[in-house]
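Colleague: I would like to go through this model with you, fold first and side chains after. Can you take my questions in turn?

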Amino acid sequence: MQEVTFEEALDLIQAKDSRYSREAYLFVKEALDHTQKTIGKRSRSRVRHVTGQELLAGIRQFAPAQYGPMAITLLEEWGIRNCQDFGEIVFNMVEIGWLAKTDQDSRADFAGGYDFHEAFRKPFLPPSKRSEASQTPELKPSQK
């Protein structure tokens with residue numbers, strides 16, 4: 001069987017699931033590469049499998065480093081609104097054979113995760129606004 005290019009893989013994925021833009025998949029691929037390199041440097045080992053929780057931690061570092069205060073806006077533009085969306089993207093890539101998984105990996109690994117406001121917006125707020133942001137209750141989607 002002929003190996004599929006990343007662009008062809010994206011076409012296959014988006015034919016089945018159009019919730020996320022192409023940029024979302026490119027971002028997750030880059031974040032995964034970043035996470036693998038970071039883990040490899042820490043453990044002085046070769047590239048290894050990355051768990052869902054490790055990938056989420058890597059994304060939390062990578063997105064602000066790449067996009068600064070625009071990270072949350074770009075993620076939302078690409079259709080990514082919470083950590084579970086990262087899991088959906090990863091498993092869409094697994095299903096077409098672009099990524100591999102172990103028997104222990106599941107979409108549930110991405111459930112919960114972290115609050116996007118805390119991870120991607122709060123670090124860029126002025127110090128005086130950071131404590132206020134922690135005390136301000138988040139609006140539920142139905143309240144926005």
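Colleague: What pattern do the elements follow along the sequence?
Modeller: Keep in mind that this is a predicted model. The protein has seven helices and zero strands. Read along the sequence, the pattern is α-α-α-α-α-α-α.

Colleague: What share of the residues counts as buried?
Modeller: The protein exposes about 9,100 Å², and carbon and sulfur atoms supply 51% of that area. Of its 144 residues, the share that counts as buried is 36%.

Colleague: Among contacts with a separation of 6 or more, what percentage joins residues 24 or more positions apart?
Modeller: Take the contacts in the protein with a separation of 6 or more. Residues 24 or more positions apart account for 61%.

Colleague: What span is expected for helix α3, at 1.5 Å a residue?
Modeller: Helix α3 covers residues 52–67, which is 16 residues. The expected span uses one less than the number of residues, times 1.5 Å. From first C-alpha to last, α3 reaches 22 Å, close to the expected 22 Å.

Colleague: Which residue just after α3 takes a positive phi?
Modeller: Within α3, the buried residues include Leu55, Gly58, Ile59 and Phe62. Just after the helix, a positive phi of about 55 degrees belongs to Gly68.

Colleague: Is Thr35 buried or exposed?
Modeller: Thr35 sits in helix α2. Leaving out residues up to four places away in sequence, Thr35 touches Val50, Glu54, Leu55, Gly58 and Ile59. Its relative accessible area is 3%, and the cut-off for burial is under 20%, so Thr35 is buried.

Colleague: How far apart in space are His34 and Gln61, C-alpha to C-alpha?
Modeller: His34 is found in helix α2, residues 22–43. His34 is partly exposed, at 26% relative accessible area. Beyond four places in sequence, His34 touches Gly58, Gln61 and Phe62. His34 and Gln61 are 27 residues apart in sequence, and their C-alpha distance is 9.3 Å.

Colleague: How is the aromatic pair of Phe6 and Trp98 classed?
Modeller: A search of the whole structure finds 11 aromatic pairs. Phe6 and Trp98 lie 5.1 Å apart, centre to centre, with 55 degrees between the planes. Stacked needs under 30 degrees and edge-to-face over 60, so this pair is tilted.

Colleague: How many residues apart are Phe6 and Trp98?
Modeller: Phe6 counts as buried at 12% relative accessibility, while Trp98 counts as partly exposed at 28%. Phe6 belongs to helix α1, and Trp98 to the loop between α5 and α6. The pair links distant parts of the chain, with a separation of 92 residues.

Colleague: And how is the pair of Tyr20 and Tyr25 classed?
Modeller: Tyr20 and Tyr25 are both buried. Their ring centres are 6.4 Å apart. The planes make 75 degrees, over the 60 cut-off, so the pair is edge-to-face.

Colleague: Which residue lies over the face of Tyr114?
Modeller: Tyr114 is in one aromatic cluster with Phe27, Phe62, Tyr67, Trp78, Phe86, Phe116 and Phe120. At 4.9 Å from the ring centre of Tyr114, the residue over its face is Arg60.

Colleague: How far from the ring centre of Phe6 is Lys29?
Modeller: Phe6 is also the ring that pairs with Trp98. Lys29 lies over the face of Phe6, and its distance from the ring centre is 5.3 Å.

Methods: Residues numbered from 1 in each chain as written. Predicted model: local features only at pLDDT ≥ 70, side-chain atom pairs only at ≥ 80, totals over all residues. Heavy atoms only, no water. Helix = DSSP H or I, 4+ residues; strand = E, 2+ residues; numbered from the N terminus. Buried < 20%, exposed > 50% of the residue type's maximum accessible area, 1.4 Å probe, protein only. Contact = heavy atoms within 4.5 Å. Phe/Tyr/Trp six-rings, centres within 6.5 Å; stacked < 30°, edge-to-face > 60°. Lys NZ or Arg CZ within 6 Å of the ring centre and 35° of its normal. Areas by Shrake-Rupley, 256 points an atom, 1.4 Å probe, with all protein chains shown as cover.
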